[in-house]
Amino acid sequence: MRFDETELRVRFNEVDSWGIVWHGHYISWFEVGRMALLGKFHLLPKDFTQMGYIAPVVDLKCVFKEPARLDEEILIRTTVLEPTKAALTFRFEVLRKSDRKLLASGEETQVLLTLDGRMLYIIPQNLRERLQPLFDYLEEPDSPA
Amino acid sequence: MSAALVLELKKLIIETLKLEEVTPEDIEDEGQLFGDGLGLDSIDALELVVALEKTYGVSIPDSEVGERVFRSVNTLAQFVKEQSAISNQQSAKE
């Protein structure tokens with residue numbers, strides 16, 4: 001399974017009084033990774049809205065392994081699991097770029113709603129077709145972490 | 001309502017959602033499955049939809065239908081029974 005990678009540098013406003021990145025910022029880094037991956041396949045929130053859907057997050061977890069520090073270069077690795085139900089589950093890894101040390105990992109699940117708030121229990125065919133290139137891309141072998 | 005089907009559905013709910021400390025006797029036939037009742041959530045609904053489709057070939061497309069079907073085990077059993085009857089009739093015609 002392939003992970004898509006995107007980079008960022010730890011900013012001053014992301015570091016707490018202990019000199020390490022405050023835990024909540026990892027969640028916005030997941031969002032950076034998610035948008036970078038989805039943007040490649042024209043599956044950004046605006047694209048979902050155009051298709052008539054929104055995809056709110058219903059579950060989120062993050063495991064912290066090592067702290068990230070000010071000015072460090074960070075890699076956000078993102079993938080999506082092939083759905084077994086009408087939900088999209090993203091997996092994330094946060095690595096320090098210099099030694100590719102795993103700093104945190106996470107998982108987030110989004111369900112699908114119509115614009116009038118009806119939750120979909122089955123992924124509609126038009127959305128399945130739009131998602132397929134993303135899953136084809138993610139099926140390819142991953143570069144070593 | 002068929003007691004056998006109701007019991008089968010209770011077992012399916014327990015197995016699908018891995019409700020380790022719940023027995024079929026703990027689930028009331030008319031009790032709410034979501035919210036205040038058994039306390040299931042939206043992801044549980046998605047898992048159940050997949051299991052029901054695999055086991056009985058019934059399709060629950062969205063929460064509009066789901067809210068009616070998942071009200072209790074009895075309403076779920078009623079839906080499975082009706083849908084199975086429809087699909088049997090269709091098979092007989094073909």
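These legends go with a set of close-up views of a two-chain predicted model.

Before you start, local features need pLDDT of at least 70, side-chain atom pairs count only at pLDDT 80 or more, and totals for chains, interfaces and linings use all residues. Residues are numbered from 1 along each chain as its sequence is written, while chains are lettered from A and ligands numbered from 1 in the order in which they are written.

**View 1. Chain A is built from three helices and seven strands.**
Helices (H or I, at least four residues) and strands (E, at least two) are DSSP runs, numbered from the N terminus. Buried residues make up 26% of the 145. "Buried" here means that 20 or more other C-beta atoms lie within 10 Å of a residue's own; exposed means 12 or fewer, and partly exposed is in between, with C-beta atoms placed from the backbone.

**View 2. Chain B has four helices and zero strands.**
Its elements simply run α-α-α-α from the N terminus. The C-alpha atoms of chain B fill a box of roughly 45 × 25 × 20 Å along the principal axes. Of its 94 residues, 26% count as buried.

**View 3. Helix H2 of chain B covers residues 42-56.**
This 15-residue helix reaches 21 Å from its first C-alpha to its last, close to the 21 Å expected at 1.5 Å a residue (the expected span is 1.5 Å times one less than the number of residues). Look for Ala45(B), Leu46(B), Leu48(B), Val49(B) and Leu52(B), which are buried. Down the axis of H2(B), the buried residues fall within an arc of 165°, so they line one face of the helix; the arc is that of the directions from the helix axis to the C-beta atoms. Their cover includes strand S5 (87-96) of chain A, plus helix H1 (3-16) and helix H3 (63-69) of chain B. Just after H2(B), Gly57(B) takes a positive phi of about 70°.

**View 4. Chains A and B meet through 13 residues from chain A and 14 residues from chain B.**
Contact means that the C-beta atoms of two residues, placed from the backbone, lie within 7 Å. On the side of chain A, strand S3 (57-64) and strand S6 (101-111) are the elements that give two or more residues.

**View 5. The largest nonpolar core has 47 residues.**
A nonpolar core is a set of buried Ala, Val, Leu, Ile, Met, Phe, Trp, Tyr and Cys residues joined through C-beta atoms within 7 Å. Among the residues that touch the most other members are Ile74(A), Tyr121(A), Leu9(B) and Val49(B). S5(A) gives the most to this core, with six residues. Setting aside neighbours within four places in sequence, Leu9(B) is in contact with Val73(B), Leu76(B) and Ala77(B).

**View 6. Ser105(A) sits in strand S6 of chain A.**
Ser105(A) is partly exposed, with 17 other C-beta atoms within 10 Å. Not counting residues up to four places away in sequence, Ser105(A) touches Val63(A), Phe92(A) and Glu93(A).
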